[in-house]
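Take a look at the sequence and the 3D structure below. Keep both in view as you read.

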Amino acid sequence: MARFTLPRDIYHGKGALEALKTFEGKKAIICTGGGSMKRGGFLQKVEDYLHEAGMETELFEGIEPDPSVETVMKGAEAMQKFQPDWIIAIGGGSPIDAAKAMWIKYEYPDTTFEDMCKVFGLPKLRTKAKFCAISSTSGTATEVTAFSIITNYQQGIKYPIADFEITPDVAIVDPELAHTMPKKLVAHTGMDAMTHAIEAYVSTANCDYTDPLAIHAIEMIMNTLVKSYNEDMTARDEMHNAQCLAGMAFSNALLGIVHSMAHKTGAAFADLGSHIIHGAANAMYLPKVIAFNAKDPTAKKRYGVIADYMHLGGSNDDEKVKLLIEYLRKMNDDLNIPHSINHYGPDGLPAEQGFVPENVFLERLHDIAANAILDACTGSNPRQPSQEEMEKLLKCCYYDTEVDF
Ligand SMILES: NC(=O)c1ccc[n+]([C@@H]2O[C@H](COP(=O)([O-])OP(=O)(O)OC[C@H]3O[C@@H](n4cnc5c(N)ncnc54)[C@H](O)[C@@H]3O)[C@@H](O)[C@H]2O)c1
Ligand SMILES: [Zn+2]
């Protein structure tokens, strides 16, 4: 038996934010990030619409990018005090993910972070509150997914919480919120979405329900991401939908080792003063992982189907895989994303000298590889890497060398 779960309602298109006026409840806590939603005037709108719906509201703001366990605990405390029956999370993946984890702790105050991380092991939520997610970036699709990514900064590791219990009740996908994204954010979140769609399509958990969503998302992202990056707002509107479709696919088909590696390298060098931004990590690792996974015959065939949908040409699957890899690398160039960690500079931009020195990378390689293998996303990857293979793959991602194993 397989399960396919999505939010009960997805409001999309311009003006979708107004759906909040129709919500029924008494108290809503609004969780958001560092100020982009306030500056864009969206936070005020959310408050106004909820007041119009007769609700009392409270604000929990300042959720940082790549949210920490500590922030989750703080937010849960605020919820405990306010006792909301709606949690409204607005912003990028970070505040929405943090609010999802806060929700678990709010419903079950004795739950520890370790408890939350037991894959598909959460107790029943919605005994206290329902959850609405409003996305302002076009990538994570956390507004429709069963996932939340929280960072344990003591360990330098990102942990995915995975359970259909945290699939939001309502998602609002209003493209206007994405209009204020700076170009770099468009690039990174967009390649995150592309990775979601491709990993979902070749995942061992793919199915007839997820394939159409994944393949259509890939086609849409191919046609709109670079245009959106170059400030074409019609394309940006389409990207907001495309990333959501990719999310519907991967929430049910799961992901693969591009994400395992991104999760485990993301915060591994935080002590050197920088993160490897999630979407940029995915963009760099995806071509390498495709080359690695294509040694699996089923995966190779599926990459071939993707290449066909993208009209890339090629007369056999080997050629199609090569053309797909080349295409994705060209997208990275068009989006000003480096190809490898050794050229990953500040702000995720290409640099002659990246911020992760070779010796530090090599020192930490063994542990990062071991953690990546243990990541929740590894299980559904079409080819299971050994410790040695994962280390080699990560080295290819560091030096931008050919994957020939
Ligand atoms: N839950 C999932 O299924 C899932 C999937 C992929 C990634 N993630 C996680 O999501 C996080 C990344 O989320 P993200 O990429 O959406 O970025 P983010 O939420 O971390 O935001 C990045 C920055 O962009 C700003 N910002 C957000 N929206 C904006 C807008 N419209 N205009 C201007 N500025 C804006 C934020 O204030 C912040 O400074 C990572 O922690 C990643 O691991 C989660
Ligand atoms: Zn992702």
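**The whole protein**

This is a predicted model. The protein has 14 helices and 8 strands. Its radius of gyration is 20 Å, close to the 22 Å that the globule rule gives for 405 residues, so the protein is as compact as a globular protein of that length. Its C-alpha atoms fill a box of roughly 60 × 45 × 40 Å along the principal axes. Buried residues make up 54% of the 405 residues. Now take the contacts between residues at least 6 apart in sequence: 76% of them join residues at least 24 apart.

**Two domains**

The domain assignment gives domain 1 (9-178) and domain 2 (182-399). Their centres, taken over C-alpha atoms, are separated by 25 Å. Where do the two domains touch? In domain 1, 25 residues are in contact with 28 residues of domain 2. Strand 6 and strand 7 (157-162) each supply at least two residues of the domain 1 side. Strand 7 gives the largest share of that side, 4 residues.

**Around ligand 1**

The shell around ligand 1 holds 29 residues, and the closest are S36, G92, G93, S94 and T137. Helix 4, strand 6 (147-152), helix 6 (183-202) and helix 10 (278-293) each give two or more residues to this shell. Both domains take part: domain 1 and domain 2 each provide at least three residues.

**Helix 4**

Helix 4 (residues 93-107) has 15 residues. From its first C-alpha to its last, helix 4 reaches 21 Å, close to the 21 Å expected at 1.5 Å a residue. Is helix 4 mostly covered or mostly open? It is mostly covered, with 14 of its 15 residues buried. Helix 4 is also among the elements that give two or more residues to the shell around ligand 1.

**One residue: D333**

D333 lies in helix 12 (residues 317-334). Why does D333 count as exposed? Because D333 has 12 C-beta neighbours inside 10 Å, and a residue with 12 or fewer is exposed. P350 is 17 residues away from D333 along the chain, and their C-alpha atoms are separated by 9.5 Å.

Conventions. Residues numbered from 1 in each chain as written. Chains lettered and ligands numbered in written order. Predicted model: local features only at pLDDT ≥ 70, side-chain atom pairs only at ≥ 80, totals over all residues. Buried ≥ 20, exposed ≤ 12 C-beta atoms within 10 Å, placed from the backbone. Rg over C-alpha atoms; globule rule 2.2 N^0.38 Å. Contact = placed C-beta atoms within 7 Å. Expected span 1.5 Å × (residues − 1). Near = placed C-beta within 6 Å. Domains from an automatic or database assignment.
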